[in-house]
Amino acid sequence: MKKLFGSLVVLATVLVLGACGSNGSGSSESGNASADNQLESIKSAGVINVATSADFAPFEFHAMIDGKDQIVGADIDLVNEIADQLGVKVNILDLDFNAVLTALQQGKADIAVSGISATEERKQTFDFTDNYFTPEQKLVINKDNESAYTSIDSLAGKKVGAQKGSIQESIVQSQMADSQLVSIAKVPNLINELKQGSIDGLVLESAVAESYVAQNDDLMVADVALEVSADDSYAIALPKGSTELQTELNKILKELDENGSISEFVQKNTDLANENAAQ
C-alpha cells in the first residue's frame with residue numbers, strides 16, 4: 001500500500017463563501033479552468049484544490065500530529081492517493097459543510113470531498129464520480145434516554161439534529177417525519193447541543209457516530225433502525241461537464257476499492273480520531 005500522506009496537504013485560509021456573495025475573483029489557478037479541460041488544468045497547475053468540511057471524523061477532521069494541527073481523515077487519505085496518481089499536490093479548503101458545494105460551483109475548488117451524497121437534486125448542478133463508500137445511518141442519544149428512545153415513533157415531537165446541508169437532514173425529514181429537525185452547520189456543535197439536552201437525538205453516518213460516541217462516554221448509539229439507501233453513498237463532486245476528470249477519478253476509485261485501501265482508510269482514521277480525542 002502506498003504511503004498515505006505522500007502529497008503535501010496545504011491548509012488554506014478561506015473567507016466565507018457563498019454567504020458573502022463572493023464574485024469568484026479570488027479563484028485559484030486551476031479553479032478558473034472550464035470543466036472540459038479540468039483534468040489537464042489540474043495537472044498543469046500541479047495542485048488539486050479540494051473543498052471539504054473538517055468536522056466529520058473519521059472522514060475529515062482536525063488532529064494534532066507531531067504537535068501541529070492538521071486536517072486528516074479517510075477522505076483526506078483518499079485525496080492524497082488521487083493526487084499521487086495525478087502527480088500533483090493537494091490544497092485543502094476547510095469550510096462549513098453547506099459552503100463546500102458553493103466553493104466548487106464558484107470555481108474556488110476543483111473537487112469536493114466531504115462525505116457527499118450524489119442526490120438527484122445535486123446532480124442537476126454537479127457531476128459526481130462513482131460511489132466510493134456506502135454508510136449506515138445511526139441515531140446518537142444521551143445514555144440517560146436509552147430506555148426512552150427505542151424506536152422512530154418514540155421520537156415523535158422530539159428535536160433531532162442533523163448537519164446543515166447533509167443527507168442526514170433528508171433522512172430525519174423522510175424517516176422521522178414526526179420529529180422536529182434541528183440543522184446546525186458543524187457536527188461538534190450538534191454534539192454539544194445533544195450533551196446539553198437542547199436536542200434529543202442526532203443522526204450521523206455510522207463511522208462518524210461511533211467515533212463521537214467513543215469520545216463521549218455520556219452518549220450512545222440508539223437501538224433505532226434507520227433505512228440505508230444507495231442514494232446515501234459518498235461520491236466526489238465535480239464541476240458539471242468534467243468528463244475527463246470524472247473518468248480518471250473513477251479509475252482510481254475502482255482500484256482503491258478493489259485493493260481494500262478505502263476500507264483501510266476508514267478504519268485507520270476511526271482509530272486516529274479516538275486516539276486524538278483521548279489525548
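Which strands does helix 7 lie across? In this predicted model, helix 7 (residues 206-215) sits across strand 9 (137-142), strand 12 (201-205) and strand 13. Relative to strand 12, helix 7 runs at about 125°.

Those strands belong to an open sheet built from five strands, and reading across it gives the order 11-10-12-9-13. The pairing here is mixed. Strand 11 (180-184) and strand 13 (219-221) are the edges, each with pairing on one side only. From one strand to the next, the twist averages 30°. At the strand 11 end of the order, strand 10 (residues 159-163) and strand 11 run parallel and are joined by five bridges. Val 160, for instance, has Leu 181 of strand 11 as its bridge partner.

There is also an open sheet of three strands, in the order 3-4-5, and its pairing is antiparallel. Its edges are strand 3 (55-56) and strand 5 (68-72), each of which pairs on one side only. Strand 3 and strand 4 (residues 60-65) are linked by two bridges in the antiparallel sense. As a bit of background, strands of a sheet pair through backbone hydrogen bonds, either parallel or antiparallel.

Now for the helices. Helix 6 (residues 187-196) has Val 187, Leu 190, Ile 191 and Leu 194 as its buried residues. Looking down the axis of helix 6, these buried residues fall within an arc of 100°, so they line one face of the helix. After helix 6 comes Gly 197, with a positive phi near 85°.

Helix 1 (residues 38-45) and helix 8 (residues 243-258) make up a helix pair worth a look. Two packed helices are described by the angle between their axes and the distance between the axes. For helix 1 and helix 8, the axes come within 6 Å and cross at roughly 75°. Angles of 65 to 115 degrees count as roughly perpendicular, and helix 1 and helix 8 are therefore roughly perpendicular to each other. On the helix 1 side, the contact involves Gln 38, Leu 39 and Ile 42, which meet Glu 244, Leu 245 and Glu 248 in helix 8. Sorted by class, this contact of helix 1 with helix 8 has three nonpolar, one polar and two charged residues.

Key
Residues are numbered from 1 along each chain as its sequence is written. This is a predicted model: local features need pLDDT of at least 70, side-chain atom pairs count only at pLDDT 80 or more; totals for chains, interfaces and linings use all residues. Side-chain values use heavy atoms; hydrogens and water are left out. Axes are lines fitted to C-alpha atoms, for helices over the stretch in contact, and angles run from 0 to 180 degrees between N-to-C directions. Helices (H or I, at least four residues) and strands (E, at least two) are DSSP runs, numbered from the N terminus. Angles under 35 degrees count as roughly parallel, over 145 as roughly antiparallel, 65 to 115 as roughly perpendicular and the rest as oblique. Contact means heavy atoms within 4.5 Å. Ala, Val, Leu, Ile, Met, Phe, Trp, Tyr, Cys and Pro count as nonpolar, Asp, Glu, Lys and Arg as charged, and the others, Gly among them, as polar. Buried means under 20% relative accessible area, exposed over 50%, partly exposed in between (1.4 Å probe, protein chains only). The arc is that of the directions from the helix axis to the C-beta atoms. Two strands pair if DSSP finds at least two bridges between them.
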